[in-house]
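I opened the model to look up a few local features. The notes below are in the order in which I took them.

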Amino acid sequence: VAARALPVGARDVQGTPFHARYLNATEALPPSPLSPYAVSKHLGELYGACYSASMGLEVVSLRFFNVFGPRQDPSGGYAAAIPAFMSRMLAGTPPTVFGDGKQTRDFIYVGNVVDACLLAAEVPGVAGETYNVGTGVETSLLDLIAAINQGLPAPLEPVFGPPRSGDILRSVGSIDKARRDLGFSPQVSLEEGLKRTLAWYGGT
């Protein structure tokens with residue numbers, strides 16, 4: 001395979017106020033970015049397709065869903081849910097959930113993302129394409145916290161804050177295209193990924 005670029009996109013490219021459109025979202029869903037961040041990610045995909053078609057540079061764009069794993073920063077207002085929850089729970093502090101906790105996400109362990117990147121870099125005939133990188137499985141925040149509790153000596157119940165404006169209620173991506181074209185299949189389950197991540201944050 002010739003030299004190939006892999007710009008990292010995001011599921012935010014398909015942003016829309018109509019939450020139902022997020023369910024099993026395929027790459028064919030028309031982009032509807034609602035933030036400058038999402039617009040920049042969509043532009044990256046367009047540039048990638050352009051360079052693949054006209055400039056002789058192979059580009060494969062990857063839309064990451066909710067990636068987690070060791071070494072994620074748990075601090076800050078935009079920290080991902082899993083490191084934020086784990087850092088608090090390991091300290092004996094209940095996690096804070098904004099809303100009722102029934103909102104869902106497609107959480108994918110970082111090792112699976114690495115596998116997807118390697119496949120996208122090596123499989124021939126996919127230049128100019130865009131692929132979702134997720135698991136295709138919905139997990140609610142309440143179920144996520146319950147799974148983290150399985151690795152703690154004593155379970156912690158979440159405390160609830162007001163819903164965040166514009167929060168997506170349900171989000172999960174289809175990985176059928178990546179499975180078909182790249183042979184991608186997540187090998188590390190959510191439970192195993194949480195176990196590895198919790199061990200890292202706990203220093204064990």
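I call a residue buried under 20% relative accessible area, exposed over 50%, and partly exposed in between, with a 1.4 Å probe and protein chains only. The model is predicted, so I kept to pLDDT of at least 70 for local features and to pLDDT 80 or more for side-chain atom pairs, while totals for chains, interfaces and linings use all residues. Residues are numbered from 1 along each chain as its sequence is written, and side-chain values use heavy atoms, with hydrogens and water left out.

**Entry 1. Salt bridges**

I counted a salt bridge where a side-chain nitrogen of Lys or Arg lies within 4 Å of a carboxyl oxygen of Asp or Glu. By this rule I get six salt bridges. Helices (H or I, at least four residues) and strands (E, at least two) are DSSP runs, numbered from the N terminus.

Glu192 pairs with Arg196, with 3.0 Å between the closest N and O atoms. The two are four residues apart in helix H6, so about one helical turn separates them. Glu192 is partly exposed because its relative accessibility is 31%, and Arg196 is partly exposed at 39%.

Arg4 forms a salt bridge with Glu58, the closest N and O atoms being 2.7 Å apart. This pair links distant parts of the chain, 54 residues apart: Arg4 is in strand E1 (residues 4-5) and Glu58 in strand E3 (residues 58-59). Arg4 counts as buried at 15% relative accessibility, whereas Glu58 at 24% counts as partly exposed.

Glu129 and Lys177 form a salt bridge, again with the closest N and O atoms 2.7 Å apart. Glu129 sits in the loop between helix H3 (110-122) and E9, and Lys177 in helix H5 (residues 176-182), 48 residues apart. Is Lys177 buried or exposed? Lys177 is buried, at 17%; Glu129 is partly exposed, at 31%.

**Entry 2. Helix H6**

I checked the length of H6 (residues 190-201). The expected span is 1.5 Å times one less than the number of residues. For the twelve residues of H6 that should give 16 Å, and the end C-alpha atoms are 16 Å apart, which agrees.

Which residues of H6 are buried? They are Leu190, Gly193, Leu194, Thr197, Leu198 and Tyr201.

I took contact as heavy atoms within 4.5 Å. The buried residues of H6 pack against strands E5 (66-68), E8 (107-109) and E10 (139-140), and against helices H2 (81-90) and H4 (141-149). After H6 comes Gly203, with a positive phi near 75 degrees.

**Entry 3. Nonpolar cores**

A nonpolar core here is a set of buried Ala, Val, Leu, Ile, Met, Phe, Trp, Tyr and Cys residues joined through side-chain atoms within 4.5 Å. The largest has 19 residues, of which Phe85, Leu144, Ile148 and Leu194 touch the most other members. H2, E8, H4 and H6 each supply at least two residues of this core. Setting aside neighbours within four places in sequence, I find Leu144 in contact with Ile82, Phe85, Phe107, Thr139 and Leu194.
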